[in-house]
Amino acid sequence: MALRRPLTLPRHILNGACSGVRSTVSRTALTYVQEQRKGLATAVPPVTQDATGSKGPTAMVFLNMGGPSKTDEVEDFLSRLFADGDLIPLGRLQSYLGPLIAKRRTPKIQRQYSDIGGGSPIRKWSEYQCEEMCKLLDKINPETAPHKPYVAFRYADPLTEEMYTKLLEDGFGNGRGGRAVAFTQYPQYSCSTTGSSLNELWKWRTRLEGRRANGDMQPSGALQWSVIDRWPTHPGLVEAFARNIEEQLKTYPEEKRNGVVLLFSAHSLPMSVVNRGDPYPAEVAATVHAVMQRLNFSNPYRLCWQSQVGPSAWLGAQTSDTVENYVKRGQTDIILVPIAFTSDHIETLYELDLEVIKEANSPGVKRAESLNGNPIFIQALADIAQKHLRKGEKCSLQMTLRCQGCKSDRCLEQKKFFAGEKMSSLVV
Ligand code: FES
């Protein structure tokens, strides 16, 4: 498989929110009430923001890496991805090597996206999940309603700057105050994923809402940000994974069911990142353990890692090798469980379905459904958001701690900003 070629990218790497129409307050308020009655909550009145007013509206911003919706977006996607030193550290050669690698990779990755239907479904799912979560939040947390859904991708449209511009157009920030929650859609924290998205958000916040000449990062009326930075063992997330596994287990004959191996698969990390102290491997393992606990440890299981590429050392064992080895040993009943993604994307639809499962050539090797539009999962998102809004915290305590080996001033400044005045002294 192409996975082992040098200077190729990790697969997950390679691989509208709401409208802000401005009209009169009475017209849009009426529309909003009518839509609420119809159970639609995505079109909310334009925000006439007043930092001293009620607690709503609240912008709910989903952060994720994104993916090209069409094959002709692949090169731009790869160019941004290779330019991200948080994800692919190429050192001083980043701006030179990045575009070269992106160009070289484009035709092959375009073919992969063609094979899964012409583009990534991640935008469709992210927008759907965020909109549905906001509808639930309007009901269960009316004190911060209306909740307005936004999506910010790191490498594809809608990019962070596009989302931030929309926020400002919709009436948030820029002297008008208001509240926004950056909600990572990576359940387990890594500095190369959530950390990278937060670095980007912090950059655009500084550019678009402006650092004052005196260096003040919190000018009056600026948008107030808080962050949901990780949720690896939330019971609703665990339940959604467990139900999908149980559904797939039912497809095996009853007498064989307990012998099916559950193979949890997450995107790998270079060992240089792991050894720097990145929290991701431990948090992924925590999710796996919680899911197995919920399943009452009904099956043998392993955690393995996919999409590692290039000549350097990556966290293993690799998913593809694991399946190959187990099948060779006669263990031909295996369910692959993507445990670190919240929707389908090229790593599930192409790498697992069209490579790993196809190459296993055994009808007992299957995959559990991705979370996608799963209502249990969307309810979990609303629960996580509600608890965050009620708690009133800026971010988790865990986010204040930098990796042991981190030497990045950007990480330091970003964390101090999101930790807020009270907790910034904890950032080390
Ligand atoms: Fe992890 Fe900077 S690399 S905090």
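## Helix packing

Helices (H or I, at least four residues) and strands (E, at least two) are taken as DSSP runs and numbered from the N terminus, while axes are lines fitted to C-alpha atoms, for helices over the stretch in contact, with angles running from 0 to 180 degrees between N-to-C directions. The model is predicted, so that local features need pLDDT of at least 70 and side-chain atom pairs count only at pLDDT 80 or more, whereas totals for chains, interfaces and linings use all residues. Residues are numbered from 1 along each chain as its sequence is written.

Helix α3 (residues 94-115) packs against helix α11 (residues 346-360) at about 85 degrees, their axes lying 10 Å apart, which makes α3 roughly perpendicular to α11 (a term covering 65 to 115 degrees). Gln112, Tyr113 and Asp115 of α3 meet Ile346, Tyr350 and Leu354 of α11, with contact defined as C-beta atoms, placed from the backbone, within 7 Å.

## The sheet

An open sheet is formed by four strands in the order β2-β1-β3-β4, with parallel pairing, where two strands pair if DSSP finds at least two bridges between them. The edge strands, β2 (147-153) and β4 (224-228), each pair on one side only, and the twist averages 25 degrees from one strand to the next.

Strands β1 (residues 58-64) and β3 (residues 179-184) are joined in the parallel sense over six bridges, and alanine 59 has alanine 180 in β3 as its bridge partner. Helix α12 (residues 375-391) packs on the sheet and touches β1, β3 and β4, its direction making about 135 degrees with that of β4.

How values were computed: Two residues are in contact if their C-beta atoms, placed from the backbone, lie within 7 Å. Angles under 35 degrees count as roughly parallel, over 145 as roughly antiparallel, 65 to 115 as roughly perpendicular and the rest as oblique.
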